[in-house]
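Open the model in your viewer and keep the selection panel at hand.

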Amino acid sequence: MRTRNWKTVTPWVLVGVLLVLYLVSTQASAGVATTTMSIYLNEDQPVAAVDGQKFDLDTPAAVKDGNRWFVPLMFLSQQMGFEVKYNASTNRVEVGTSRAKLEVDSANKVVYVNGVASPYDPMAKLVNERLMVADSWLYDFLGAKYTYNTAEKRLEITYVKRPPALTNDANSNSKPVARFTFAKPVYKMGEAVKYIDLSYDPDAEGLSYTWTGNQEAFYKPGKHLVTLKVTDGKGRVSDTYSRYIEIENKTMYNTEIDRLLYTTPPGTIIKTDWPLLYARFLEIPELPKKVTEDRSRTLLMSDAPETIVEKGILYQDTVNGKARLYGSHMNGMNEKLQFVIMATNSTNKPVTIRTTNKGEVYPSIYAHLIGHQASVEFLLGDRYDEKLTIPPGETRAYIQMPDFQPGQGVNVFYDVETDGPIKFSFMAMDAVIETPTSLYPSLYKPLPFDGHVRGTFPVSEKRWDIDASSFKKPSRLVFGDNKSDPFQPGYDVFRQQQVFEDGNYGVVYKIHADKPRKMAILLLARGGAFKGPFKFNGEFVLAPPSGVIVAFEQMQVLYRTTGNEPSLDIEFTPPAGSAFPMDLIFYPLD
């Protein structure tokens with residue numbers, strides 16, 4: 001074992017040396033009580049011993065100069081437990097003992113004892129550019145006894161460390177104690193390390209933790225340093241505690257990503273970078289799929305103008321039978337608005353609207369939140385059987401949302417069935433309306449198109465049948481790229497032209513696989529931030545549980561199969577506010 005003494009180097013180097021030596025010394029002095037220690041310093045030899053343990057130094061351990069012995073300051077501070085630090089503002093080495101505060105100014109050849117200047121040469125000297133101090137310091141400032149062993153040619157020091165006092169501030173606030181251990185002494189490479197916290201605060205004020213080196217797993221054999229500091233409720237910081245963890249030359253998982261794919265619970269976010277993505281996830285094949293489109297329910301999409309800057313009719317079309325009404329808008333005005341879907345019966349007999357499913361959310365300024373929450377409500381699949389009958393020639397408010405303030409958005413789904421033709425009008429209206437509902441549509445004009453999605457589309461549900469039973473390499477399903485997952489064509493009644501449903505928002509995807517193999521299913525956002533729900537065999541998985549998934553910077557483990565399930569069914573609908581394309585990655589686990 002080698003150690004270094006003080007030398008005249010730049011302040012930053014001194015600080016770094018102090019930090020490393022401090023970390024090493026804290027592991028060696030982790031106890032509470034102290035005992036008598038014996039330190040042997042060999043004359044003119046770079047060898048020392050502490051309680052029988054040999055240390056190799058880079059200066060002589062003891063140097064005689066006339067009637068004085070000079071001994072290495074930094075080595076003794078490590079072993080005897082007194083503080084040594086460099087003060088960059090004064091360019092002095094400061095030594096703190098129980099008997100005095102010492103400052104060594106090697107540049108100006110002065111030593112200060114409790115602020116009083118003393119001659120440098122009798123008290124300190126540089127040997128091989130390392131700071132050494134006179135033997136008189138051992139007794140005068142540290143209370144240590146020492147003798148010279150002529151036969152062995154060494155200076156022998158006997159010293160009892162002063163036990164550390166936890167309470168020494170003006171408010172009698174005890175210093176917290178950092179301690180930890182590992183669940184077992186040796187781990188394999190790639191094996192998850194279990195850290196057992198043993199820290200405590202004598203005042204029981206609660207602790208916060210600052211770790212270094214506490215990796216979840218290690219991938220190189222050998223010993224690795226882990227350190228911990230804790231801070232109590234009043235801001236007092238513990239000494240740094242350190243331990244070495246031993247990693248044997250046996251492998252459980254080759255890389256961190258392998259360990260995460262096999263072991264982490266669904267919902268776990270995995271940080272990614274471009275080298276990892278290119279190596280493992282971007283250039284992977286797509287799983288073949290058989291696509292079946294459900295055309296029994298049309299989709300009325302109102303998302304243009306997405307940002308409302310004037311009142312009017314956002315979109316309007318007639319439904320006779322099954323339909324899904326979908327609206328996503330933001331209030332871009334300086335006043336609050338009312339979002340309403342009006343239902344007009346132009347026939348000469350009553351028409352009943354039956355609502356069988358819905359997803360709606362209170363207005364909010366957070367686009368990802370409202371898109372996510374409305375999708376959750378819709379995928380819940382709660383049974384509804386709400387009926388509204390519209391008299392002949394009348395108009396009624398099918399739904400009327402709470403006022404939404406400037407900057408807030410709204411997202412709604414409704415599955416409806418009508419027994420006759422009903423014109424549905426998505427409208428942005430005055431927040432307080434006293435006009436009879438039958439006049440609403442006639443009071444407002446259609447609003448201009450702003451480039452977002454608006455129209456009537458024939459498909460509201462897609463089924464993808466895939467074979468996930470025997471694939472050998474990571475594979476994927478791609479959503480919303482207009483290639484693997486084409487945007488469906490439709491018709492904008494207002495502009496009287498064909499349009500495409502970019503992103504396929506409002507469409508429910510149902511993915512089915514028989515006898516899926518053992519695998520992990522991951523989400524990789526590629527178009528932008530993503531937040532939305534999935535259902536795996538009826539179980540909800542939120543992606544992510546909080547916040548958003550950042551494109552190309554994160555992936556989420558959504559689900560893991562065992563290989564024993566008879567089938568796998570996934571439900572998903574593109575959430576408003578999230579960007580596409582998006583990949584579901586099926587990663588085989590062997």
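What percentage of the 590 residues of the protein count as buried? The share is 49%, where buried means under 20% relative accessible area, exposed over 50%, and partly exposed in between (1.4 Å probe, protein chains only). This is a predicted model, in which local features need pLDDT of at least 70, side-chain atom pairs count only at pLDDT 80 or more, and totals for chains, interfaces and linings use all residues. Residues are numbered from 1 along each chain as its sequence is written, and side-chain values use heavy atoms, with hydrogens and water left out.

Start with everything shown. The C-alpha atoms fill a box of roughly 120 × 55 × 40 Å along the principal axes. Switch to cartoon: there are seven helices and 45 strands (DSSP runs numbered from the N terminus; helices are H or I, at least four residues, strands E, at least two).

Next, select Phe479, Phe530, Phe534 and Phe586. In the largest nonpolar core, of 46 residues, these four touch the most other members. Such a core is a set of buried Ala, Val, Leu, Ile, Met, Phe, Trp, Tyr and Cys residues joined through side-chain atoms within 4.5 Å.

Stay on Phe534. Beyond its neighbours within four places in sequence, its contacts (heavy atoms within 4.5 Å) include Leu523, Phe540, Ile570 and Met582.

Finish at Ile365. This residue is in the loop between β29 (351-360) and α6 (367-379). Ile365 is exposed, with a relative accessible area of 54%.
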